[in-house]
Number of protein chains: 4
Amino acid sequence: MSATKEEITAFMAVEFPQTKCVVESVDETGAILSHDIGINELRPGGTVSGPVLMSIADVAIYVAILGRIGIVPLTVTTSLTINFLRKPSADARIIAECTLMKVGRTLIVGEVSLYSEGTSDVVAHVVGTYSVPPKLA
Amino acid sequence: MSATKEEITAFMAVEFPQTKCVVESVDETGAILSHDIGINELRPGGTVSGPVLMSIADVAIYVAILGRIGIVPLTVTTSLTINFLRKPSADARIIAECTLMKVGRTLIVGEVSLYSEGTSDVVAHVVGTYSVPPKLA
Amino acid sequence: MSATKEEITAFMAVEFPQTKCVVESVDETGAILSHDIGINELRPGGTVSGPVLMSIADVAIYVAILGRIGIVPLTVTTSLTINFLRKPSADARIIAECTLMKVGRTLIVGEVSLYSEGTSDVVAHVVGTYSVPPKLA
Amino acid sequence: MSATKEEITAFMAVEFPQTKCVVESVDETGAILSHDIGINELRPGGTVSGPVLMSIADVAIYVAILGRIGIVPLTVTTSLTINFLRKPSADARIIAECTLMKVGRTLIVGEVSLYSEGTSDVVAHVVGTYSVPPKLA
């Protein structure tokens, strides 16, 4: 039932046309995404906007779920908690590493560590819960 | 030390130039914002994108903080939890009602109920924590 | 399908025998509970222990759910977020006011404001999500 | 400024006299704790009570903070988010592994994975934020 990186990338282009996230890798345990940072993602002072980080994490969990259970359009976010830990770089891509912590019949929980590319310090950490149609999980 | 709606609106135009949030009202206890919904805020199927809702809530708490402690550029979000409760309308503005729950010396906590304009059901609920420079809170 | 205060109190005595929570009122929209504070609930310095507050909030949402959908033993907490806002009194009961924000087919979300009895300031705020068996919600 | 396992254990006996948590190991990056499970920690049906898990996680982050910044009595929890992922065993100790994600001047953020001893599946995951007096962090 799992989906490949190519299948997911094609699906995301339709389902999330606005996202600039790129799927770097995905398997049944999680996914790694990258996201370019430019003027649209920055706030004055050179900080990556918080909602941009939330958005990347949200997509990363979504991609990881597709990688696990296949293309399931009805998957929806039910809750998301983000902790902002450090100021991201204005000059580096954001890398999102998602690990699925629970894959239940109707609920899937993933965590995401967000980095500025080239550093090992987590700039933000996210835990998100997604609801999936009961038959498919 | 509090700031008026006009002062906040002028500050937001500089600090958050990307936001489409409009400050409808603000006082020392909270703020009400609105946000137009158009093609950029929607996902296929006509749902308002989750990150758009997070972004509106984030701005709403920020505005409420400015309304309480005045224009403090160094205020930053430290954590945010969102629960998605109902599908928002694709045809209505999002209204965000923020109430400050705690205004401490270094931490401020606010909650936000997000509605589709014209309905009373909450589409998403947010609790956010913000760090402010110690001397100003 | 809803349950009365008396039915819930009887059920809680079996299901949560350790809890000292008292159901003060409950209806289809929420519940109010109280909890005595004594030496077992305090930490040195006279603060009510954080886990005691979490526990009261957890029970409050559980009771509110029973008040809405009836006695459903398989209801389980899936997530809970607590923000500690003020130091509770060591000499007053804790009052928990729970409002159900969403009652879905499989997920119920409630929020709880916790007070020291006799004050109007919230000492802690909780949002909790509960999973219920699909047929009963 | 860090504290040893023995110093922390002695401090905890005074500061958290009710806790049954045992500090297994602690260093500047995190801590591992264990907690016996008996009749007082179980709910009917053999599930470890949710508030017991929250309490263990709360203590685990507290211990990790002491291990990093030394014995600082004024450290307080400001927020905690728990996701319940699997049913814990009724017959095994709970093991809590805490990693500090951010150690800031006034805020420290830790995450905790809770296991039933002898299994590798996480039964609950916690992210907690603690406030520390500015001079000591």
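The model is predicted; local features need pLDDT of at least 70, side-chain atom pairs count only at pLDDT 80 or more, and totals for chains, interfaces and linings use all residues. Residues are numbered from 1 along each chain as its sequence is written, and chains are lettered from A and ligands numbered from 1 in the order in which they are written.

Strands pair if DSSP finds at least two bridges between them. Helices (H or I, at least four residues) and strands (E, at least two) are DSSP runs, numbered from the N terminus.

Next, show the whole C/D interface. Here 21 residues of chain D are in contact with 21 residues of chain C (C-beta atoms, placed from the backbone, within 7 Å). On the chain D side, helix H1 (5–15), helix H2 (50–69) and strand E5 (76–84) each supply at least two residues. E5(D) gives the largest share, nine residues. Coloured by type, this side of chain D has nine nonpolar, nine polar and three charged residues. Nonpolar means Ala, Val, Leu, Ile, Met, Phe, Trp, Tyr, Cys and Pro; charged means Asp, Glu, Lys and Arg; the others, Gly among them, are polar.

Stay in chain D and select strand E7, residues 107–116. Ten of its ten residues are buried, so E7(D) is largely enclosed by the rest of the structure. Buried means that 20 or more other C-beta atoms lie within 10 Å of the residue's own, exposed 12 or fewer, and partly exposed in between, with C-beta atoms placed from the backbone. Leu107(D), Val109(D), Glu111(D), Ser113(D) and Tyr115(D) point one way, and Ile108(D), Gly110(D), Val112(D), Leu114(D) and Ser116(D) the other.

Strand E6 (residues 94–103) of chain D runs antiparallel to E7(D) over nine bridges, with Glu97(D) opposite Ser113(D). Three residues separate E6(D) and E7(D) in a hairpin. Strand E8 (residues 122–131) of chain D also pairs with E7(D) in the antiparallel sense, over nine bridges; Gly110(D) has Gly128(D) as its bridge partner there. The E7(D)–E8(D) hairpin has five residues between its strands, and Gly118(D) in the turn has a positive phi of about 95 degrees.

Definitions and conventions. Contact = placed C-beta atoms within 7 Å.
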